[in-house]
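Thanks, everyone. Let's talk about disulfides today. Please take a look at the slide.

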Amino acid sequence: VLPTVLFIHTTPSLAQTICDAAEVTLRTNYLPVAPTAVDDTANIQCALDLAIEKRIPEIRLTRGDFFIGALLAKGFSGTLQGGGQDYTRIFLKEQVIHCGYASSAITFEGGEPRIRWLQLVWEPGVQPCADSSGWLGSLLTFTGGAGDETSCVNDVVYATVDRVTLDGPARGLADASDFTSGVTAWARSGASPECRNLLLGTLRVNRSRISRFGTGIGFSMEGGAQAGIFRNTLDGNHRGLLVSNSNATAVVVGNHFASAPTETPSSCHGSGAGIDVTQWRVQEGSVQLDVHSNVFDVSTGGWCSGFGIWMTREPGAPGVGIVISDNRFVLSGLDPGATGIQALGVSGAVVSGNAFEVQSAGDLALYLGSRDVAEAMAWTIVSNTGLETAVNSVDIVLGEGASQNVVGPGQGADVIDNGLDNTVLPQ
């Protein structure tokens with residue numbers, strides 16, 4: 001028997017939300033929600049609505065398995081938590097979500113949402129989209145409201161994901177799930193070309209595991225937003241972390257990125273990467289990244305290129321300032337080989353103190369080059385280790401459009417310099 005959820009309206013402007021007392025019970029300062037084993041969408045949605053309405057700071061999903069369609073919380077400032085990553089699991093139901101680029105299983109618009117201690121699962125073989133030809137944008141989204149011609153304002157969200165497991169379907173041959181993200185923070189598009197909303201605020205993802213998605217974590221935030229990606233495991237994703245068209249500061253520390261090798265060209269969808277920084281839209285600002293003490297396991301499957309960190313900037317797009325320090329790059333490419341760091345049109349970076357483990361002849365530690373007229377300039381590459389191996393023949397390539405870069409001494413690197421005014425000190 002499906003649970004009953006009642007919405008009692010006292011007047012058109014005043015409404016009181018009443019949830020099914022069998023599964024949702026109001027306590028002093030939190031709302032416990034128990035699973036039905038059938039469909040928990042209405043109960044969890046009711047708990048979110050009630051928490052927003054009554055300013056209840058915490059929703060506690062008990063241990064057990066929950067089944068949902070799409071959930072939407074507007075202005076939720078509180079915690080949605082389970083009884084532990086292995087004990088509270090939320091599964092997507094079959095063919096219940098209206099899918100598309102901006103679709104999500106759970107969406108938070110604005111507020112200060114905190115998600116912790118649970119598991120969100122898209123099981124292999126399950127099609128959550130009502131239209132079987134559609135594809136789900138993400139499992140968990142933080143965003144703002146849609147803009148229109150008369151209301152085009154910046155949105156703010158302060159989002160935290162803490163000790164959450166997100167399991168995607170196993171990536172296969174160019175199926176729609178290859179385009180789905182685990183966690184996203186994006187602004188919604190306005191209703192007209194003149195209205196482009198911005199998403200401001202913060203995104204923090206901590207000690208979580210996000211696996212088997214097209215993109216593990218993706219964000220496009222502006223206005224000096226801040227992101228912290230700390231001690232997560234991002235494995236089996238096409239891209240572990242995607243930073244796109246952002247004017248923000250991001251700290252990426254202590255994570256493990258492992259690529260997902262593919263076996264046919266149809267399943268590549270571009271090159272896979274642990275971190276993908278893509279700035280293509282003409283706008284003001286820049287993104288500043290500190291990438292420190294991470295592990296990048298980069299392997300390729302015979303068709304698709306694999307990168308630890310991939311960066312590209314189109315002319316006129318926001319700049320990219322990045323410090324890449326004390327990371328470990330394990331490179332194991334077939335044909336083509338794996339690349340630790342590749343940057344096109346990005347200037348002013350520091351690569352220092354990283355350890356490279358080269359395991360295949362075609363592997364490359366670093367490639368710098370131009371993107372149209374945007375050059376790669378003023379890089380400082382110093383104190384990196386593991387480049388003296390004889391397994392491969394080339395470690396660093398300074399391609400066309402790479403100029404005024406410095407490769408420091410004593411790294412044992414084999415360097416090809418096709419750029420201009422670069423300084424390569426004795427290795």
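What is the handedness of the link of Cys99 and Cys129? Left-handed, with -90 degrees about the S-S bond. Keep in mind that this is a predicted model.

Let me stay with that pair. The sulfur atoms of Cys99 and Cys129 sit 2.0 Å apart, and the two residues form a disulfide. Where are they in the chain? Cys99 is in the loop between strand E8 (88–92) and strand E9 (100–109). Cys129 is in the loop between strand E10 (112–121) and strand E11 (136–143). So the pair ties together parts that are 30 residues apart in sequence.

Now accessibility. Cys99 has 26% relative accessibility, so it counts as partly exposed. Cys129 comes out at 0%, which means buried.

How many disulfides does a search of the whole structure find? The search gives 2. On to Cys19 and Cys46. They form a disulfide, with 2.0 Å between their sulfur atoms. The torsion about the S-S bond of Cys19 and Cys46 is about -100 degrees, so this disulfide is left-handed. The pair links distant parts of the chain, 27 residues apart. Cys19 lies in the loop between strand E2 (15–18) and strand E3 (31–33). Cys46 lies in helix H1 (residues 41–54).

Buried or exposed, Cys19 and Cys46? Buried, in the case of Cys19, and Cys46 is buried as well.

To recap for the notes: the link of Cys99 and Cys129 is left-handed, and so is the disulfide of Cys19 and Cys46. That's my part.

Terms used: Residues are numbered from 1 along each chain as its sequence is written. This is a predicted model: local features need pLDDT of at least 70, side-chain atom pairs count only at pLDDT 80 or more; totals for chains, interfaces and linings use all residues. Side-chain values use heavy atoms; hydrogens and water are left out. A disulfide is a pair of cysteine sulfur atoms within 2.5 Å. Helices (H or I, at least four residues) and strands (E, at least two) are DSSP runs, numbered from the N terminus. Buried means under 20% relative accessible area, exposed over 50%, partly exposed in between (1.4 Å probe, protein chains only).
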